[in-house]
Amino acid sequence: MKMKKTLSLLLALVLSLGLLAGCGGDSNDQPAQNDTPQQEDTTTPPADDTASDAEPAPTEDVTIQVAALASGYEEAYPGMWQEVCDAFTAATGIKVDLIVDKALEDVIGPSMQGGEFPDVIHLATGREKGLTEQFIKDRNIAEITDVLSMTVPGESVKVSDKIVGGFTDTSVTNPYNDGKTYLAPMFYSPCGLFYNAGLFEENNWTVPTTWDEMWALAEQLPEGTSLFTYPTTGYFDAFLYALMYSVGGPEFYNKALRYEEGIWDTPEAQECFEIIAKLASYTNPVTPAQANDQDFTQNQQLVLDNKALFMPNGTWIVGEMAEAPRADNFKWGMTALPAAKAGGNGASYCWLEQAWIPAGAPNLDAAKQFVAFLYSDAACAIFAKGGAVQPVPGITDNFEGDNKMFYSIYDNGADAAMGGFAAYNSVAGLGTVREVFLDPVNGLVDGSMTKDQWISDVKAASDQMRANIME
């Protein structure tokens, strides 16, 4: 797609949304805004890292520790993170001790409980264990506003010139609504409903553009094929955000993200609840049992085997399932969430991963240099080998094939939604965003939760969330 057009749309939408403070989107390896219950406070107090325009002090004989999630991108290009670290060392002389793991929280968690922190962590919000959200809630993430004014190591331009406008102004990167940046915007991906385009061609089906068309398609599916599945309930964050935006537009979306009093009694909210509940009735029944960080690929496999038609996901799915078996004539397809009404726009959530520096990082200056290097031409080229796209101007201009289709979704009429539910202070007995808004979908599918009970729980939790919003 033409990046200039798409990015203009994204920036305009970001500005119009007035994106609010909250803990951001998206993925298992990727999407849902989830937090873990309050853990024992084993982290160190936030460091005094007031932003400035000064470059970091020279670092000599320093070795930093970088911890990164082994997501679908790393699977698509094994050694991706190591290659980036090697390039950083070549540019700066700073050595890197790299940790890459699918279960990153389990690897770095014990040492952090003992007060030993990596210098840089690449781990997005939305993971089942909610480690990043916990650090946000505890205000144990170092401020990195000054990184934006740093020169990219090995180049002559500032970091702010290498990041598309709007990507450092979202609630995903600025969770406290204080005008400061704490999380660096990393790989971004349009999210939507993924499907087997080959199956649609074989059956002369038309991809639904409204929810009425979606329900009509569900009624004509052959036995053994369900309308829907999802990897984990965490993937419903991107789904819910896009749904709220397509149903209610930016005004409703903004109010919902701040848990405004009475928002869940509005017609727009009731329509969102009704759509998700109805979709649950058309979901492959094996989905809840496999909807966890260990078995989620089995739910994704349902689409490759034509046992489910649609699933919410992001562009990383292609690399993540590259070696998986699939039905004959399988071809990836992606569509935005359908419009609420005929003639309206569908919506696609722009999933944004994050890298961040723990407040207790032992090598703060060197860590900031590493974060700055993540936007270098060298790093972007390496990440691109795994299909990971940085929010850097012009990076998608030469995309082809699946990526060209995926990243053109906003050029094809879909509205872009960004940001997430507002961050709030931990309160005893108060569920997390994921627990309140997303996890009940499993219950809707298996019958252990009713729509009315879900709505009641959302209202009760929202009252507490609103009363404890971080300002």
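User: At what angle do the axes of helix 3 and helix 13 cross?

Analyst: In this predicted model, the axes of helix 3 (residues 80-92) and helix 13 (residues 364-373) cross at roughly 115° and come within 11 Å. The crossing of helix 3 past helix 13 is right-handed.

User: Which residues of helix 3 meet helix 13?

Analyst: Helix 3 contributes W81, V84, C85, A87, F88, A91 and T92. Helix 13 contributes A366, Q369, F370 and F373. The cut-off for such a contact is heavy atoms within 4.5 Å.

User: What makes up the contact of helix 3 with helix 13 by class?

Analyst: The contact has 9 nonpolar and 2 polar residues, and no charged residues. Ala, Val, Phe, Trp and Cys are among the types that count as nonpolar, and T92 and Q369 are among the residues that meet here.

User: How many bridges join strand 5 to strand 8?

Analyst: There are 4 bridges, and the two strands run antiparallel. Y195 has G333 in strand 8 as its bridge partner.

User: Why is strand 5 called largely enclosed?

Analyst: A residue is buried when its relative accessible area is under 20%. In strand 5, 5 of the 5 residues are buried, so the rest of the structure largely encloses this strand.

User: Why is the pair of D265 and K459 called a salt bridge?

Analyst: The cut-off is a side-chain nitrogen of Lys or Arg within 4 Å of a carboxyl oxygen of Asp or Glu. For D265 and K459 the closest N and O atoms are 2.4 Å apart, and the pair forms a salt bridge. D265 lies in the loop between helix 8 (236-257) and helix 9 (267-281) and K459 in helix 18 (residues 451-467), so parts 194 residues apart in sequence are tied together. Salt bridges that share partners also join E155, K162 and D377 into one network.

User: How do you know that D106 and K129 form a salt bridge?

Analyst: Their closest N and O atoms are 3.6 Å apart, and the limit is 4 Å. D106 lies in helix 4 (residues 104-113) and K129 in the loop between strand 3 (120-122) and helix 5 (131-137), so the pair ties together parts that are 23 residues apart in sequence. A search of the whole structure finds 13 salt bridges.

User: Why are K331 and E201 called partly exposed rather than buried or exposed?

Analyst: Partly exposed covers values between the buried limit of under 20% and the exposed limit of over 50%. K331 has 36% relative accessibility and E201 has 46%. Their side chains meet in a salt bridge at 2.8 Å, N to O. K331 lies in the loop between helix 12 (317-320) and strand 8, and E201 in helix 6 (residues 197-203), so this pair ties together parts that are 130 residues apart in sequence.

User: Is N204 called buried or exposed, and what is N306 called?

Analyst: N204 has 70% relative accessibility and counts as exposed, the limit being over 50%. N306 has 17% and counts as buried, the limit being under 20%. N204 lies in the loop between helix 6 and helix 7 (211-218), and N306 in the loop between helix 11 (296-304) and strand 7. Although not a glycine, N204 has a positive phi of about 55°; N306, likewise not a glycine, has a positive phi of about 65°.

Key. Residues are numbered from 1 along each chain as its sequence is written. This is a predicted model: local features need pLDDT of at least 70, side-chain atom pairs count only at pLDDT 80 or more; totals for chains, interfaces and linings use all residues. Side-chain values use heavy atoms; hydrogens and water are left out. Axes are lines fitted to C-alpha atoms, for helices over the stretch in contact, and angles run from 0 to 180 degrees between N-to-C directions. A crossing is left-handed if the near helix is turned anticlockwise from the far one by less than a right angle, and right-handed if clockwise. Buried means under 20% relative accessible area, exposed over 50%, partly exposed in between (1.4 Å probe, protein chains only). Two strands pair if DSSP finds at least two bridges between them.
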